[in-house]
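Please look through the sequence and the model below before reading on.

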Amino acid sequence: MPLLAPRLLPLLLVIGTGGSVPRPLALPQGCYIAEEAGEQTFRCSRAGLSAVPNGIPNDTRKLYLDANQLASVPAGAFQHLPALEELDLSHNALVHLSGAAFQGLEGTLRHLDLSANQLASVPVAAFVGLQIQVNLSANPWRCDCALQEVLRHVRLAPGSGTGIVCGPEARPDLVGHEFLLLTREEELCGTGRGGTRRSTDVALLVTMGGWLTLVVAYLTRYVWQNRDETRRPVKRTPPAQPVRSEDSSTLSTVL
């Protein structure tokens, strides 16, 4: 009877699984599961990926997709990972992030690496609700209002701020400059020191234009009034009537 146990074990496994032996989870080529510092980690670094892979375990806390060929991150790409705390998308070819790229990670994601990609701009909506520390360095940023708004919603990874540099799509006078230094001098969203200066200039021009319009209107009215007065006929005073001799003699008699 003891000799039958090894033979019966596979049969019992087949019966217990509904007639099929469970297969291990199929992972994308170049990817593997590990446990690092006691946390479930999924690594797909340098795996030649052009899209976010399938088959990532739901309990993954750290996900490394760095050094691949990802060009975009679609909406809800990671919403099936409710425990994800750290996401590395660095050293890819990212040019586009969906506004809902990190949907479902609002309560868990803490660290996000987007460095060394081809991002010129990112939607603010992608970061709303996230409590994350992000690395945005080594991208050809457009250095616009959208980037400034993003920085209001995130915390930069230590030492990464100096790597946020304006790229070729930025204003010519901004190309090659550190974005954080520029924001100290100019507010790109219409308020602040630089924005206030521009707004003041616009307000001054509007005011001057209003006064100029009033002056022109007054002069036009004045000219038309003078023209009307010159066209009116002049009323002449009638000449005095000569006193008749009869009237003079009568007056003498009375006197």
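How many residues lie between E1 and E2 in the hairpin that they form, and which residue in the turn has a positive phi? There are two residues between these strands, and Ala 37 in the turn is the residue with a positive phi, of about 55°. As with everything below, this value was computed from a predicted model.

**The chain as a whole**

The secondary structure of the chain comes to five helices and 11 strands. Of its 255 residues, 31% are buried. Among the contacts with a separation of 6 or more, 42% are between residues 24 or more positions apart. The chain exposes about 16500 Å², and carbon and sulfur atoms supply 59% of this area.

**The sheet**

Strands of a sheet pair through backbone hydrogen bonds, and this pairing is either parallel or antiparallel. In this model, seven strands make up an open sheet with mixed pairing, in the order E1-E2-E3-E5-E7-E8-E10. Strand E1 (32-36) and strand E10 (155-156) are the edge strands, since each of them pairs on one side only.

| Strands | Bridges | Direction |
|---|---|---|
| E1 and E2 (residues 39-43) | five bridges | antiparallel |
| E2 and E3 | three bridges | parallel |
| E3 (residues 62-64) and E5 (residues 86-88) | three bridges | parallel |

Ile 33 stands opposite Phe 42 in E2, and Tyr 32 has Arg 43 as its bridge partner in E2. Arg 43 in turn stands opposite Tyr 64 in E3, while Leu 63 stands opposite Leu 87 in E5.

**The core and helix H2**

The largest nonpolar core has 45 residues, and those with the most contacts inside it are Phe 78, Leu 89, Phe 102, Leu 114 and Phe 127. Helix H2 (residues 145-153) gives the most to this core, with three residues. If neighbours within four places in sequence are left aside, Phe 127 is in contact with Leu 97, Phe 102, Leu 112, Leu 114, Val 122, Ile 132, Val 150, His 153 and Val 154.

Helix H2 also holds Gln 148. Is Gln 148 buried or exposed? Gln 148 counts as buried because its relative accessible area is 6%, and the cut-off for buried is under 20%. With neighbours within four places in sequence again left aside, Gln 148 is in contact with Phe 179, Thr 183, Glu 186, Glu 187, Leu 188 and Cys 189.

**A nonpolar patch on the surface**

Which residues form a nonpolar patch on the surface? The patch is formed by Val 215, Tyr 218, Leu 219, Tyr 222 and Val 223, which together have about 510 Å² of accessible area. Val 215 lies in helix H4 (residues 192-231). Val 215 is described as partly exposed because its relative accessible area is 43%, a value to be read against the cut-offs of under 20% for buried and over 50% for exposed.

Conventions. Residues are numbered from 1 along each chain as its sequence is written. This is a predicted model: local features need pLDDT of at least 70, side-chain atom pairs count only at pLDDT 80 or more; totals for chains, interfaces and linings use all residues. Side-chain values use heavy atoms; hydrogens and water are left out. Two strands pair if DSSP finds at least two bridges between them. Helices (H or I, at least four residues) and strands (E, at least two) are DSSP runs, numbered from the N terminus. Patches are made of residues with over 30% relative accessible area and no salt bridge: like charges are joined within 9 Å, nonpolar side chains (Val, Leu, Ile, Met, Phe, Trp, Tyr) within 5 Å. Accessible areas come from the Shrake-Rupley method with a 1.4 Å probe; for residues, only the protein chains shown count as cover. A salt bridge is a side-chain nitrogen of Lys or Arg within 4 Å of a carboxyl oxygen of Asp or Glu. Buried means under 20% relative accessible area, exposed over 50%, partly exposed in between (1.4 Å probe, protein chains only). A nonpolar core is a set of buried Ala, Val, Leu, Ile, Met, Phe, Trp, Tyr and Cys residues joined through side-chain atoms within 4.5 Å. Contact means heavy atoms within 4.5 Å.
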